[in-house]
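This briefing is intended for a reader who is meeting the structure for the first time. Please keep the sequence and the model in view while reading the points that follow.

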Amino acid sequence: MGVLTQLLTLPLAPVRGVGWVVRQVADAAENEYYDPQPVLDGLRELERELTEGRIDTREFDRREDELLDKLEEIRRHQGAAPDRHDPPQEDFPP
């Protein structure tokens with residue numbers, strides 16, 4: 001039955017291939033969007049701008065709030081996934 005199914009659905013192979021590519025691109029885009037590293041880098045740069053006097057505290061607070069909101073969104077999206085800076089947690093039997 002498996003060979004027969006494959007033969008009958010062979011004309012759909014390009015569609016399945018395109019679907020796979022679309023899923024791969026969507027997954028890559030989502031991983032990039034929810035990567036916390038650029039946000040953390042932005043917070044470091046923002047701190048540097050404040051200490052160098054390129055921005056005032058009002059601008060710092062505004063931009064910091066935006067970055068922290070984005071970081072919170074990323075962490076919510078990651079859900080129960082451990083932070084890569086956290087030590088691995090082991091499951092012990094009860």
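Helix α3 has Val-39, Leu-40, Leu-43, Leu-46 and Glu-49 as its buried residues, where buried means under 20% relative accessible area, exposed over 50% and partly exposed in between, with a 1.4 Å probe and protein chains only. An α-helix has 3.6 residues a turn, so residues three or four places apart point the same way. The model is predicted: local features need pLDDT of at least 70, side-chain atom pairs count only at pLDDT 80 or more, and totals for chains, interfaces and linings use all residues. Residues are numbered from 1 along each chain as its sequence is written, and side-chain values use heavy atoms, leaving out hydrogens and water.

**Overall arrangement**
- The protein chain contains 4 helices and 0 strands; helices (H or I, at least four residues) and strands (E, at least two) are DSSP runs numbered from the N terminus.
- Of the 94 residues in the protein chain, 13% are buried.

**Helix α3**
- Helix α3 covers residues 37-51, and its 15 residues should span 21 Å at 1.5 Å a residue, which agrees with end C-alpha atoms 21 Å apart; the expected span is 1.5 Å times one less than the number of residues.
- Just after α3, Gly-53 adopts a positive phi of about 80°.

**Packing of α3 with α4**
- The cover over the buried residues of α3 includes α4 (57-78).
- The two helices α3 and α4 pack at an angle of about 170°, and their axes are 10 Å apart; axes are lines fitted to C-alpha atoms, for helices over the stretch in contact, and angles run from 0 to 180 degrees between N-to-C directions.
- Helices α3 and α4 are therefore roughly antiparallel to each other, a term for angles over 145 degrees.
- The residues of this contact comprise 10 nonpolar, 2 polar and 5 charged; Ala, Val, Leu, Ile, Met, Phe, Trp, Tyr, Cys and Pro count as nonpolar, Asp, Glu, Lys and Arg as charged, and the others, Gly among them, as polar.

**Glu-49**
- Glu-49 lies in helix α3 and is buried, with a relative accessible area of 12%.
- Leaving aside residues up to four places away in sequence, Glu-49 touches Arg-54, Ile-55 and Arg-63, contact meaning heavy atoms within 4.5 Å.

**Nonpolar core**
- The largest nonpolar core has 6 residues: Tyr-34, Val-39, Leu-40, Leu-43, Leu-71 and Ile-74. Such a core is a set of buried Ala, Val, Leu, Ile, Met, Phe, Trp, Tyr and Cys residues joined through side-chain atoms within 4.5 Å.
- The largest share of this core, 3 residues, comes from α3.

How values were computed: Parallel < 35°, antiparallel > 145°, perpendicular 65-115°, else oblique.
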